[in-house]
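Have the sequence and the 3D view ready as you read.

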Amino acid sequence: MAHHLARGLLVLAALGLCASSLAGCAAFSPDGGMTAVSELTSQTIKKDVAFVRTPEVADAVDARVRQLLSRTLTAETAVQIALLNNKGLQAAYNELALAETDLVEQSLPPNPVFSVSRISGNGASEIERQVVGDILALATLPFRSDIARERFRQAQLRAALATLRLAADVRRAYVRAVAGNEMVALLTDAKATAESTARLAVKLGETGSVNKLDQAREQVFYAETTADLATARQTATSAREKLARLMGLWDDGLDFRLPSALPSLPRQPQALPSIEADAVAHRIDLQIARLELTALAKSLDLTEATRFVTLLDLAGISRRTQDPEGSPFRERGFDVQFQIPIFDGGEVRVRQAAETYNLAFNRLTERAVNVRSEARDAYRVYRSTYDIASHYQREILPLRKIITEEMQLRFSSMQVDIFALLTEARQRLASLRGAIDARQNFFLAQSGLQTAVNGGGAAASGGDDPTNIAAAAPADGDH
């Protein structure tokens with residue numbers, strides 16, 4: 001009896017090994033699937049990523065972050081710190097590792113079930129042993145394993161997309177934080193000037209040299225400048241805090257240094273005549289949608305192949321009966337269980353799988369159209385903001401400087417009064433604020449252009465969420 005039961009186990013094991021060899025059993029990778037993420041990040045934004053899973057890696061990351069924080073931050077160093085230190089990104093990598101467990105699980109054959117039952121009464125006894133195997137799961141294992149590989153590749157791309165999205169957020173926060181510092185410095189100087197002129201107007205008013213209207217104009221300029229400075233400080237502080245959050249900094253890292261002003265504009269803007277083709281070829285969210293369509297197509301084929309049979313179990317049975325009035329005897333046989341498709345012929349599952357595929361196809365087509373449009377729009381915004389910012393640098397600010405110098409000369413020769421000089425100072429302040437805003441808009445547009453080509457912008461509605469890396473299990477995964 002034990003011999004026959006063991007033979008049944010060996011048969012099921014052989015079937016499982018055969019299916020496993022066809023499916024290609026997956027094993028856990030040493031890095032949790034991070035190789036593809038690291039390569040893609042390095043190729044796209046030239047940055048390093050790290051999946052912190054051991055104390056040694058954590059110590060190395062901390063040392064690298066401290067080294068980067070020891071000097072004044074640039075946009076590139078801020079991005080690198082965030083990619084190493086942001087715990088939300090680490091959580092996304094944890095979800096990638098969880099997705100790998102789904103891949104390994106889907107590539108393993110189902111375990112056989114061994115059962116023993118004993119029934120006795122009136123001196124008689126019966127012992128039955130069974131080994132049950134899911135034949136349908138074994139037969140479909142190669143297909144399910146192939147689908148799981150597509151899902152895992154999607155999970156890797158989602159982790160890479162989360163990485164690029166964080167990098168884009170850090171660049172934008174860095175630009176706003178530095179621009180905020182520059183605006184605060186400008187308004188601080190303007191407030192000091194406005195305060196001096198307001199005091200001068202009061203003194204001149206006491207002597208009768210300035211009427212009440214002119215005094216009020218100087219006072220309101222000082223009051224407005226004070227309010228603008230308070231608003232600018234609040235904006236700069238919030239931008240710095242957001243940058244600190246994205247870089248994952250605690251109390252010991254919040255004293256990081258930022259430059260006092262945004263960098264100069266590049267001499268020439270980028271010329272990207274094939275930006276639409278580049279975006280379609282490189283956008284990670286588009287690659288994820290393509291893989292989703294491929295996985296759904298394979299899942300649809302599997303659903304159609306198993307539409308009539310959703311349950312097929314094979315059991316090897318060995319039974320020993322002990323009769324008090326006779327000698328014991330043994331019985332051996334097998335048991336097959338399958339579902340008869342009388343009421344449900346699989347039409348519902350096939351229709352669901354087909355409509356899910358059609359939904360994904362339409363979403364992919366829509367995404368491709370949107371990607372091309374986003375790329376065109378991002379480049380137009382990039383060029384227009386460059387032209388505006390360079391116009392301020394080449395035309396407006398030099399002219400304002402000439403006007404200021406000429407007004408000072410005329411004031412020194414008493415050709416204009418103090419109020420004409422102060423009026424020009426207010427106009428020059430407006431031009432300087434406009435120049436800072438224009439440069440900020442350009443560098444934000446530059447980051448948006450990179451995002452439009454490679455991916456990493458805001459998640460689309462119903463699209464890919466970087467905090468949800470693990471994809472749903474493939475259809476017909478359980479039997």
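How do the residues of the lining of the second largest pocket divide into nonpolar, polar and charged? They split into ten nonpolar, six polar and four charged. Here Ala, Val, Leu, Ile, Met, Phe, Trp, Tyr, Cys and Pro count as nonpolar, Asp, Glu, Lys and Arg as charged, and the others, Gly among them, as polar.

Before going on, note that this is a predicted model, where local features need pLDDT of at least 70, side-chain atom pairs count only at pLDDT 80 or more, and totals for chains, interfaces and linings use all residues. Residues are numbered from 1 along each chain as its sequence is written, and side-chain values use heavy atoms, leaving out hydrogens and water.

Back to the lining: 20 residues form it, and Arg-171, Gln-270, Gln-446, Ser-447 and Gln-450 lie nearest the pocket's centre. Helices H4 (75–85), H7 (141–207), H9 (275–282) and H12 (418–454) each give two or more residues to it. H12 supplies the largest share, seven residues. (Helices are DSSP runs, H or I, of at least four residues, numbered from the N terminus.)

Now for H9 and its partner, helix H11 (residues 347–412): their axes come within 9 Å and cross at roughly 130°. That makes H9 oblique to H11, since angles under 35 degrees count as roughly parallel, over 145 as roughly antiparallel, 65 to 115 as roughly perpendicular and the rest as oblique. Who touches whom (heavy atoms within 4.5 Å)?

| Helix | Residues in the contact |
|---|---|
| H9 | Ile-275, Glu-276, Ala-279, Val-280 |
| H11 | Val-371, Arg-372, Ala-375, Arg-376, Tyr-379 |

The residues of this contact divide into six nonpolar, no polar and three charged.

Terms used:
1 Å grid on protein atoms, 1.4 Å probe; cavity = no way out; pocket = protein on both sides within 12 Å on 5 of 7 lines; lining within 4 Å. Axes fitted to C-alpha atoms, helices over the stretch in contact; angles between N-to-C directions. Contact = heavy atoms within 4.5 Å.
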